Structure formats: structure tokens, C-alpha cells
Amino acid sequence: TVGGDGCNVSLMNGKTLEFAPVNVACLQSVQLKAYTSSHLGTCSGAGFDDGDYLYYEVQLNGGAWQTIDTLNGQNNNTWTFGMTSIGGLNLAPNPFVYNVPAGTTTFAFRIRGVMNRSDEFYYVDDVSLTTSSTGFGTTAGLWTGRTNTDWSNPCNWYNLSVPTSSIVATIPDTS
């Protein structure tokens, strides 16, 4: 939940819900999904109005934050987790879905709100990052050769970690 504190406190400009970067270097078809909803205001309106925005932003490979979608408020619009679209001037899907570009090594996500009243809230729920990749596990030192023949590439190891000198490396006959 990100929002104000009641009817007579400071405005919400710049409130952000940010998720830590995730290493997706060895994964394929990575997809982000998140549901959002708004708070029914109690002080001066029912919901997001003109001048209220939610910015859906991603950071790829540690670079600059990029806005990939925007929800503009209009006429005190409100939405719930169950709605399939949310809207105002620009419609955003609910759930919000983003396909991480192939070749991305690290991925981070945030939702940044710009709101003009202290009684406005937005909620984010069921945030998930999924992949079509399978076959990874926790066994240290087990070679898969999944990506190429580079010993130093963590994507070639079952636990996504190059073994150190204290770990026995195992290369199956089928590899």
C-alpha cells in the first residue's frame, strides 16, 4: 500500500513502491504481472482525479528508470483488483503485464505515484515475475552447459553459480 495519512496532511507527490533488482540473465520469456487498485477517498472525492498519475517503471541492466505505462486520473475514478482495465485518460490493464526484453541481465520494477491530495492511496498486489525456463535447482557444482561451453558463465550451472575451489564440480556423461 502506498498513500497518504488522512485528510489534513501533506500531498503524496513522489510516493514510490520499488522492488529490488532481480538477476534474470539465465532466464527466458520473463514476464512481470501486478494488480493495482485505488482507495476510495473520504475527504474530498471518490478516487484519482485530474492531476493524479501512476507511473509503471522498469530498470533494465542497472540503467535509468523507464516509464512503460502511465495511469492518468480523471473525474475521481476508482478501480479494484478485480477490474480488467483501469483508467481515466489513458487506460492501463489490470493486471499490468510487461514482457522483459530478451538479453536483460538485471530487472527492477517500481510504481511511482503523483497525487494531489493526502487521502489518496494506491495498492499493489500479487506481483509476480515468471519465466518459461525450467531445470534450475540448488545443487552446487552440477554442470548443465545450458547456454554454451563457458565454464565462467553462471547460466551453465544448475544452481546458477560458478563453483569455487571448495565445491566439487560434476559434469554428467550426457554433457
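## A tryptophan pair

Is tryptophan 143 buried or exposed? Tryptophan 143 is buried, because its relative accessible area is 10% and the cut-off for buried is under 20%. Keep in mind that this is a predicted model.

What about its partner? Tryptophan 151 comes out at 41% relative accessibility, so it counts as partly exposed. The ring centres of tryptophan 143 and tryptophan 151 are 6.2 Å apart and the planes sit at 20 degrees, which means this pair is stacked. Planes under 30 degrees apart get that label.

The structure has 8 aromatic pairs. One of them joins tyrosine 56 and phenylalanine 96, and it's stacked too, with 4.4 Å centre to centre and 20 degrees between the planes. Tyrosine 56 belongs to strand β4 (residues 53-60) and phenylalanine 96 to strand β8 (residues 96-99), so the pair ties together parts that are 40 residues apart in sequence.

How hidden are these two? Tyrosine 56 has 0% relative accessibility, so it counts as buried. Phenylalanine 96, at 4% relative accessibility, counts as buried as well.

## A cluster and a charge

Tyrosine 56 and phenylalanine 96 also turn up in a group: together with Phe19 and Phe109, they form one aromatic cluster.

Rings can have other kinds of neighbours. Over the face of phenylalanine 136 you'll find arginine 146, at 4.0 Å from the ring centre.

Technical notes:
Residues numbered from 1 in each chain as written. Predicted model: local features only at pLDDT ≥ 70, side-chain atom pairs only at ≥ 80, totals over all residues. Heavy atoms only, no water. Phe/Tyr/Trp six-rings, centres within 6.5 Å; stacked < 30°, edge-to-face > 60°. Helix = DSSP H or I, 4+ residues; strand = E, 2+ residues; numbered from the N terminus. Buried < 20%, exposed > 50% of the residue type's maximum accessible area, 1.4 Å probe, protein only. Lys NZ or Arg CZ within 6 Å of the ring centre and 35° of its normal.
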